[in-house]
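The following exercises concern one protein structure. Please study the sequence and the model before reading each solution.

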Amino acid sequence: MLKPVDLKQVPMDAITMIGKEWMLISAGNQEKYNMMTASWGGIGIMWNKSVTSIVLRPQRYTLEFVDQSDYYALSFFGENCRSALNYCGSHSGRDVDKEKETGLTPVFDAQAPYFAEARLVLICRKLYKQKIDPKGFFDKTLDEQNYPNKDYHEHFIGEIVKVLKADE
């Protein structure tokens, strides 16, 4: 069961949590929401606030929900949910019912939906958005390797306003 905790009480290795274990980004409400698997992003301090940084490509269905919402959630899971994360990262919510196909249980918080099976959830209030600009790359190979279709990510920075952690 997830319960509210202070962010300072949660040890976070963002490189492992995001890059290796992955996360689900979710936004919307009980009537309509979506989630997607992500392995790019960050956790840190910006503008004297604890923040997350996420990126979404323009073709991602979840982008519509993040754009329309003031908040988004990042849900982190144990290895037991790896197949659900694989599914959510390879199928669009436009075409399938991810909740039904994965068995994940959405929880509809007042700000953003998250998942009961998560071990850690960060609810974030959007602070900033900007499209990745290819002119900003000092290492031009990053543009060539990651954006052959020129579908540059939308970059969001969100303040962490609530932290939920599963009982251990």
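## Overall build

The protein contains 5 helices and 10 strands, taken as DSSP runs (H or I of at least four residues for helices, E of at least two for strands) and numbered from the N terminus. The model is predicted, so that local features need pLDDT of at least 70 and side-chain atom pairs count only at pLDDT 80 or more, while totals for chains, interfaces and linings use all residues. Residues are numbered from 1 along each chain as its sequence is written, and side-chain values use heavy atoms, with hydrogens and water left out.

**Exercise 1.** Compare the radius of gyration of the protein with that of a compact globule.

Solution. Step one is the rule, 2.2 Å times the number of residues to the power 0.38, with the radius taken over C-alpha atoms. Step two applies the rule: for 168 residues a compact globule would have a radius near 15 Å, and the protein, with 15 Å, agrees.

**Exercise 2.** Identify the buried residues of helix α3 and the elements against which they pack.

Solution. In α3 (residues 82-90), the buried residues are Arg82, Ala84, Leu85, Tyr87 and Cys88. These residues pack against α1 (14-20), β2 (23-28), β3 and α4 (98-102).

**Exercise 3.** Describe the largest pocket by its volume and its lining.

Solution. First, the volume, meaning the space filled by probe spheres set on the grid points, is about 200 Å³. Next, the lining includes Trp22, Trp40, Arg57, Arg60 and His153. Strands β3 (33-38) and β5 (49-56) each supply at least two lining residues, and β3 gives the most, with 3 residues. Finally, by class, the lining has 6 nonpolar, 4 polar and 2 charged residues.

Methods. 1 Å grid on protein atoms, 1.4 Å probe; cavity = no way out; pocket = protein on both sides within 12 Å on 5 of 7 lines; lining within 4 Å. Nonpolar A, V, L, I, M, F, W, Y, C, P; charged D, E, K, R; others polar. Buried < 20%, exposed > 50% of the residue type's maximum accessible area, 1.4 Å probe, protein only. Contact = heavy atoms within 4.5 Å.
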